[in-house]
Amino acid sequence: MQLSTGTRAHNYYRNAVEKHWDPHEIDLEADLEGAAELPEPAFVGLKQSLALFGAGEESVTEDLAPLAVVLEDIGDQMFLTTQLYEESKHTDFFDRYWREVIHTEEERRGQELSSPTDEKWFNEPYDELFERNEQAMARLLEDDTPENRARAHCHYHLTIEGILAQTGYYGLTLAYGENEPELPDLPGLVEGLKLVRSDEGRHVGFGMAKLKSLVSEGEVEPDLLRETVDELVPLVQESLAGDDGASSESGPGPSPADLADYAYTKHEQRMQQITSASEQIPDVDELTELEA
């Protein structure tokens, strides 16, 4: 069998192979010291964020399989095997961080060990967002149409990964990096999040390319993409910045307004690249590059 090694999907696959990383090789020793410096409200806020994004990675790991079933091109399938592996790896990273950093700090504080799967961490908009994603992906197995493929990519790649995950990880990276005076540095968390974000950039690019192909070939209208994402954005906003979301105006780190501006700018750039014939999807090196 001869592979088409010049295709976008194959390039993404090779990029994933070359940028392999192991979540258990990240040094978390300094994070144990940093977590001890967190005031209790900030410690609870950190746990809230880690629970939300850890569960999100687990959910998308479970929901990706239908896309691998309906995409018949071997290059697409090879790339999706790397994405499924990476989503599992991200889940592993968040689980390890909870066990080794969060539990250790809870023990030091004399607290009962918490679970990242406790329902108290998740609000209704968050649950609904991921339920809709699961339904959109599963629908492909029952009715594989261009419109349903577009909706699946909009749910999974543009909204869950492109808006919720990328924005949330960006915020956490800034909050626990070296430039936030109100919070201690958590270098292991920041390193892991940057690696996760780099992977997600590749995943989002794959979905963007599939959507651009559907639009340019006249199989779906651009309005379908905007309408689908517009229905989901309020759920993302409430998941991140609601009363029991992951960000607050009064807390340290980027504010909900800052994160909303970041998410809006990135999303509009992606939509322009998808729907405009004169625009191109960035190459994979650019997609996996981080500005912060």
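## Helix faces and ring pairs

Helix α10 shows an outward side: the face turned away from its buried side carries the exposed residues Asp261 and Tyr264. Keep in mind that this is a predicted model.

**Helix α10**

- α10 covers residues 256-275, and its 20 residues should span 28 Å at 1.5 Å a residue; the end C-alpha atoms are 28 Å apart, so the two values agree.
- On the buried list for α10 you'll find Pro256, Leu259, Tyr262, Ala263, His267, Arg270, Met271, Gln273 and Ile274.
- What do the buried residues of α10 pack against? Their partners are α7 (146-175), α8 (187-216) and α9 (222-241).

**Helix α8**

- One of those partners, α8, has 30 residues and runs 43 Å from its first C-alpha to its last, close to the 44 Å expected at 1.5 Å a residue.
- Of the 30 residues of α8, 23 are buried, so the helix is largely enclosed by the rest of the structure.
- Just after α8 comes glycine 218, with a positive phi of about 75 degrees.

- A pair of aromatic rings is described by the distance of the centres and the angle of the planes.
- Buried or exposed, what are phenylalanine 122 and tyrosine 126? Phenylalanine 122 is buried, and tyrosine 126 is too.
- Phenylalanine 130 is likewise buried, along with tyrosine 126.
- Both tyrosine 126 and phenylalanine 130 belong to helix α6 (residues 124-142), where they are four residues apart, or about one turn of the helix.

**Other ring contacts**

- There's also a cluster to look at: ring pairs link Phe53, Phe93, Phe94, Tyr97 and Tyr169.
- Which ring does the charged end of arginine 109 sit over? It sits over the ring of phenylalanine 43, 4.4 Å from the ring centre.

Note on methods. Residues are numbered from 1 along each chain as its sequence is written. This is a predicted model: local features need pLDDT of at least 70, side-chain atom pairs count only at pLDDT 80 or more; totals for chains, interfaces and linings use all residues. Side-chain values use heavy atoms; hydrogens and water are left out. Buried means under 20% relative accessible area, exposed over 50%, partly exposed in between (1.4 Å probe, protein chains only). Helices (H or I, at least four residues) and strands (E, at least two) are DSSP runs, numbered from the N terminus. Rings of Phe, Tyr and Trp (its six-membered ring) pair if their centres lie within 6.5 Å; planes under 30 degrees apart count as stacked, over 60 as edge-to-face and the rest as tilted. A charge sits over a ring if NZ of Lys or CZ of Arg is within 6 Å of the ring centre and within 35 degrees of the ring normal. The expected span of a helix is 1.5 Å times one less than its number of residues. Contact means heavy atoms within 4.5 Å.
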